[in-house]
Amino acid sequence: MGRLDSKVAIITGGASGLGKHAVSMMLAEGAKVVIADLNDDLGRKVCDELSRQFQDKVHFVKLDVTDERMWQQTIDETISKFDQIDILVNSAGISISKNIEAMSLEDLRKSLAINVEGPYLGMKAVIEVMKSHGGSIINIGSMAGVVGLSQAMPYSTSKGALRLMTKSVAVYCAKQGYNIRVNTVNPAYIRTPMLEGVYNDEQIEGLKTLIPLGKLGTMADVSQAIVYLSSDESSFITGVDINIDGGVNAGK
Ligand SMILES: NC(=O)C1=CN([C@@H]2O[C@H](COP(=O)(O)OP(=O)(O)OC[C@H]3O[C@@H](n4cnc5c(N)ncnc54)[C@H](O)[C@@H]3O)[C@@H](O)[C@H]2O)C=CC1
Ligand SMILES: CC(=O)C(C)=O
């Protein structure tokens with residue numbers, strides 16, 4: 001028996017990195033999964049590969065998370081394919097690594113649009129569906145939303161906002177009696193296409209020295225937390241953020 005049997009999940013950013021890994025692990029735990037991503041070539045490829053093992057339990061929808069109309073299409077397509085929505089994982093994101101002097105207003109606006117407005121639109125759309133039967137929303141934050149990264153100001157700002165938006169929505173949903181739980185996971189450095197776009201191999205190796213446990217986390221470390229927060233095992237947990245960071249944010 002899988003830990004997510006009979007549940008239906010939408011995972012944004014599911015074509016790559018952490019989102020893609022979570023798609024695989026959630027399918028393996030029995031969920032039906034919609035991969036929602038802007039990159040439709042990659043999304044369709046990942047979906048085709050996974051459907052060899054999981055047949056029609058996986059489906060791809062093209063979604064730009066900043067587009068409210070595409071969110072509604074994603075919701076409608078998920079319900080028409082799988083009848084319900086129990087889980088939303090907001091993993092789509094971008095990382096603009098610039099300090100305040102190097103960045104532009106456009107960098108800040110773009111980061112906020114994708115990393116904050118995207119999850120806002122997604123939460124708003126799925127709450128409308130979930131409020132009749134409950135559900136779980138997991139937003140992928142970052143260690144950069146817990147402490148300010150001086151060289152990634154637009155990114156830190158967006159992830160900090162996402163963290164508190166999550167708590168606000170969690171308490172609202174709880175008080176409304178919707179039985180919708182809303183939580184954040186905050187990974188530290190995990191080797192994915194995003195991290196490889198910011199750092200070269202040598203720099204990534206050097207990141208280990210910043211982490212008390214002395215190693216980088218893995219995509220599986222993050223997916224395990226996502227599965228836990230998606231499942232009924234975490235039925236009394238809402239409004240928390242789980243740091244998956246090897247101790248980085250625990251202190252020096
Ligand atoms: N890799 C890392 O070290 C860490 C990553 N994170 C967060 O984890 C999440 C996933 O990141 P990674 O998997 O590393 O990155 P990634 O770059 O491998 O994957 C991001 C995915 O989001 C999609 N995407 C980007 N903009 C989109 C949009 N407007 N609409 C729909 N999809 C869009 C991309 O097409 C891509 O498939 C992000 O929110 C990131 O900020 C947080 C902490 C550490
Ligand atoms: C820490 C973090 O979120 C990245 C992408 O570096």
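The legends below describe close-up views of pockets and nonpolar cores in a predicted model.

In this predicted model, local features need pLDDT of at least 70, side-chain atom pairs count only at pLDDT 80 or more, and totals for linings use all residues. Residues are numbered from 1 along each chain as its sequence is written.

**View 1. The largest pocket and its lining.** This pocket holds about 1,300 Å³ of space. (A pocket is an open set of points on a 1 Å grid over the protein atoms alone, where a 1.4 Å probe fits, with protein on both sides within 12 Å along at least five of seven lines; lining residues have an atom within 4 Å of a point.) Of its 50 lining residues, I94, S95, Y155, M194 and L195 lie nearest the centre. Helix α6 (193–198) is among the elements that give two or more residues to the lining, and α6 gives the most, with five. The lining comprises 28 nonpolar, 18 polar and four charged residues.

**View 2. The second largest pocket.** Its volume is about 160 Å³. Among its 13 lining residues, K7, G135, N179, R181 and D232 lie nearest the centre. One nonpolar, eight polar and four charged residues form this lining.

**View 3. The largest nonpolar core.** I127, I137 and I180 touch the most other members of this 31-residue core. Not counting residues up to four places away in sequence, I127 touches I137, V169, C173, Y178 and I180, where contact means heavy atoms within 4.5 Å.

Conventions:
Chains lettered and ligands numbered in written order. Heavy atoms only, no water. Points joined across faces, edges and corners; volume = space filled by probe spheres on them. Helix = DSSP H or I, 4+ residues; strand = E, 2+ residues; numbered from the N terminus. Nonpolar A, V, L, I, M, F, W, Y, C, P; charged D, E, K, R; others polar. Core = buried A, V, L, I, M, F, W, Y, C linked by side-chain atoms within 4.5 Å. Buried < 20%, exposed > 50% of the residue type's maximum accessible area, 1.4 Å probe, protein only.
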